Amino acid sequence: MFLYFISIIVFYQYLLDDDEEVRTNACFGLGVLCQVAGQHLVNQYETILNRLSHVLSKETNRRMIDNICSCLCRMILVSPKHIPLGQVNYISFVFFSIWNISVQLGSTGDFSTFTTSRRFC
């Protein structure tokens, strides 16, 4: 568990790096770390979300924005109750607008339709 916290510190540092490749890899790694660590990192989710929000507010690289959304999704899959879903709509909006994705929720809250005009390869 100690290694998880050491890794988070390293990823935090590199999320702000000048090199786009370093930033995108750090964000991807942070998401994978959250997924692999499972419940061990849920008490860090608020800090992680704050850092991702800060990075997103300045970011223009689409790959980085994609990795931020991917990290968020991995966190939601691990522990949705530790994510303020009402506050992450902005991130979803940015991601879905950039990739031109249309999502509609069904009456039960599940995805009833998911369409995109962009081919994912």
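**Close-up views of helix packing**

**View 1. Helix α3 passes helix α4 in a left-handed crossing.** In this predicted model, the axes of α3, which spans residues 45-58, and α4, which spans residues 62-78, come within 10 Å and cross at roughly 160°. Because angles over 145 degrees count as roughly antiparallel, α3 and α4 are therefore described as roughly antiparallel to each other. On the α3 side the contact is formed by Y45, I48, L49, L52, V55 and L56, and these meet M64, I65, I68, C71, L72, M75 and V78 of α4. Sorted by class, the contact of α3 with α4 comprises 13 nonpolar residues, with no polar and no charged ones.

**View 2. Helix α1 and helix α3 cross in a left-handed manner.** The axes of α1, made up of residues 2-15, and of α3 come within 11 Å and cross at roughly 15°, which means that α1 is roughly parallel to α3. From α1, the residues I8, Y12, Q13 and L15 take part in the contact, while α3 contributes T47, I48, R51, L52 and V55. The residues in the contact of α1 with α3 fall into six nonpolar, two polar and one charged.

**View 3. The residue N67 is located in helix α4.** With a relative accessible area of 10%, N67 is classed as buried, because that term applies under 20% relative accessible area. When its neighbours within four places in sequence are left aside, N67 is in contact with T24, C27 and F28.

Terms used:
Residues numbered from 1 in each chain as written. Predicted model: local features only at pLDDT ≥ 70, side-chain atom pairs only at ≥ 80, totals over all residues. Heavy atoms only, no water. Axes fitted to C-alpha atoms, helices over the stretch in contact; angles between N-to-C directions. Helix = DSSP H or I, 4+ residues; strand = E, 2+ residues; numbered from the N terminus. Parallel < 35°, antiparallel > 145°, perpendicular 65-115°, else oblique. Left-handed = near helix turned anticlockwise from the far one by under 90°. Contact = heavy atoms within 4.5 Å. Nonpolar A, V, L, I, M, F, W, Y, C, P; charged D, E, K, R; others polar. Buried < 20%, exposed > 50% of the residue type's maximum accessible area, 1.4 Å probe, protein only.
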